[in-house]
Amino acid sequence: PKTIYLKDYQAPDYLIDETHLTFELFEDHTLVHAQLVMRRNPEKAAGDKGTLPPLVLDGQQLELLALALDDVALTPADYQLSASHLTLQPKVASFVIDSSVRIHPESNTALEGLYKSGSMFCTQCEAEGFRKITYYLDRPDVMSKFTTTLSGEQHKYPVLLSNGNLLASGQEEGGRHWATWEDPFKKPAYLFALVAGDLWCVEDSFTTMSQRPVTLRIYVEPENIDKCQHAMDSLKKSMKWDEEVYGREYDLDIFMIVAVNDFNMGAMENKGLNIFNSSCVLAKAETATDAAHQRVEGVVAHEYFHNWSGNRVTCRDWFQLSLKEGFTVFRDAEFSADMNSRTVKRIEDVAFLRTNQFAEDAGPMAHPVRPDSFIEISNFYTLTVYEKGAEVLRMIHTLLGAETFRKGSDLYFARHDGQAVTCDDFVKAMEDASGLDLTQFKRWYTQAGTPRLAVSEQYDAAANTYSLTFRQSCPATPGQSEKLPFVIPVELGLLDGQGADLPLRLVGEDTAQGTTRVLSVTKAEQTFTFEGLAAKPLPSLLRGFSAPVKLSFPYDRDQLMFLMQHDSDGFNRWEAGQQLAVQVLQELIGQQQRGEALLLDQRLVAALRSVLEDEALDQAMVAEMLSLPSEAYLTEISEEADVDAIHAAREFARAELAQALFDPLWKRYQANREASRQQPYVAEAGHFARRSLQNIALSYLMLAHRSEVLVACLEQFDACDNMTERLTALAVLVNSAHAEERDKALTAFAEHFKDNPLVMDQWFSVQAASALPGGLERVRQLMEHPLFSIKNPNKVRALIGAFAGQNLVNFHQMDGSGYRFLADIVISLNALNPQIASRQLAPLTRWRKYDAARQALMKAELERILASGELSSDVYEVVSKSLA
Ligand code: DPP
Ligand code: ZN
């Protein structure tokens, strides 16, 4: 496998002005005819002098049937064919290539290119899947106008879709029919899409800000037609939000979403024809949880927003992936914040980032937001490119302010519409709109690793000044031993003894500038001094998590409790509670490791009691504050993670809290369950909040071993009208010692939902994630279940992903059985679906976090995978880099 470097980027030698595709879909093969209207790239033609460079087209797993250049048929002597390229020699600067190939979507288990999901045909071309469809310049800086005709049997595939507008359709002999679609916008091949199937659709419309009507359609298999309304509502909200917040209007007459069951990712933003994992489209009360509803809303928005941030302005090369992904994740996060609770959305995103992206940044696959090299681009659809990339955009937004940021985005879209550009082009637009120099800031794009920011304070009572000193550093990451200082925007406030925000005046300023402000930390060490402080304040640092760093400040537990109650920044109230819980849990972990009796610091109990008793606090915030840091997060922040001690300590704390806080938990549980009984399900922030508190209360209460709780749990399981309550009750039972009730509930649930694959994914997941002993055996048995299939990515994620990623005590069993199991799965998946195989590897790549015995076992499994035979580039890259 070959490494590809950003520094080797070359503009394409040839351009493709028009692409005319014809697909003949059959059950045992598909024929693809491509007519490419091409010309020499004028940018590179200066020194041509009559000789042209060879034309090298990408193509994999294609059976070439015919090839012609300007209508003259070519013979094998006229071109070179390899496993990945077709090379020929043009004689003139403008020409037309015609090719015909045979492909096999019916046996395509990699789910890349054209493939079948159930009985329907669909495509996934990003990043480099189009080369499995036809010979082409499969790179994002080659943008072309596409016309697509597809034909298939009418009764099997009544719906035939592609990008753009429907131009014509008709019948053929023998029960076949055809349709021709034309996309008026130039696009790279990765945005191509095709769908053929027996689909129903829900239709609606949207009138854009310039009064143009747009037809909206969501296509699903007939049995899912009742689960589309939420996605449709989300789409209309997204279209409106993008007009209002970014001034972006939709540009075609029709926008289509198609739901498919077999999909490697969440969804794909193909021009005018988004293809979605059904898990990111289908949602209704009875079958989808609140979290699933919010995910649908967020992913629909994300893919829609790509129409501008990705499609109209796309990436020059795949190293620039965060140009569209970081920006679009930032856009969808802000959308979700506006639609629901802003603070809760931020808490969820930060908890996710710190647990998962920080772990990636500290592991063998660490890479900058804009990577310098890769072996397999599919491996770089990462938390770093997406989530950290979004944080980089958020920091630009923070530094510029909303208004100037909008000027910058307007300039970016105006300047680069129809182009394939780089992250530098984006930052340049932001600089030009703001007058700021972002040269140093751009290190966020080029340096990997999570910066540490250690903060210390000094109060001078005589001078009434208070100084904060910031020291930043960043650990070495693969290929980058030395790091230069980042620009770190630190939003902060100072609290007085009553918890009120103090006016902030830095030395040298005439007047105070508000009570919360953003300091730019740009040096390795930097001190800021505030004046006019008659008493020593308490700092509230990194409000809203204004930068993706690991901040440390020597807070004691009483100060954290004070911040929990008083901080005017909701995010930091939660954060103070998390830090308090981390300190308490780390103390318990130490006690457990030393074989001492575990003793819970009662201040945590007191802090959570006051949260529970605060009826004025947003219930979703109460639920977030009651959630202890996860085992995965405790692992991430450990030098060496002791899986068993972490689990024991956390479970001990939960059980103690359940006993100590039984009464307030029970009161709030009952009140909220009663409200759920009274009001039918609504997918709306207030209801989400109420159920989230109800459900976390139930999970605590169950640990108190009181019969009334079991009765309540069973009542909730049986009588609720929605999946959020039902699944929580099921999960609580699955993790309980009530074997009889558990088995009964599992059986009843499966019987009721056996025809709904997405619900059954949840059923697999709650069992796979259960920390009760015997986890691996349960997972093995579930793999034998008739509804499990290793070929379906959602099932793999639901069962194997949940086990290896969430069930840490079982996965990390000292005998290495969990590791062996995962390695076997990866080896099987490597042959079927390399992208999914490579994703499942992540837990094994984290081997440096564990004790020597586990390290050895994990490495041995990685080595066994490496030696197992022919590896895909996807798996090879992750395994070899993990062992390096
Ligand atoms: N489907 C992926 C996303 O939307 C890749 N573009 O983020
Ligand atoms: Zn995206």
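Modeller: On one side of helix α21, E777, R780 and Q781 are exposed. The model is predicted, with local features needing pLDDT of at least 70, side-chain atom pairs counting only at pLDDT 80 or more, and totals for chains, interfaces and linings using all residues. Residues are numbered from 1 along each chain as its sequence is written, while chains are lettered from A and ligands numbered from 1 in the order in which they are written.

Colleague: Which residues of α21 are buried?

Modeller: In α21 (residues 775-783), these are G775, L776 and V779. They lie on the same side of α21 because they cover an arc of only 95° around the axis, taken from the directions from the helix axis to the C-beta atoms.

Colleague: Why are β6 and β14 called edge strands?

Modeller: The open sheet has eight strands in the order β6-β5-β9-β3-β2-β12-β15-β14. Strands pair if DSSP finds at least two bridges between them; β6 (72-73) and β14 (165-171) each pair on one side only.

Colleague: How do you know that β12 and β15 pair?

Modeller: Nine antiparallel bridges join β12 (residues 144-153) and β15 (residues 176-187), and at least two are required, so they pair. Within them, T147 stands opposite E182.

How values were computed: A residue is buried if 20 or more other C-beta atoms lie within 10 Å of its own, exposed if 12 or fewer, and partly exposed in between; C-beta atoms are placed from the backbone. Helices (H or I, at least four residues) and strands (E, at least two) are DSSP runs, numbered from the N terminus.
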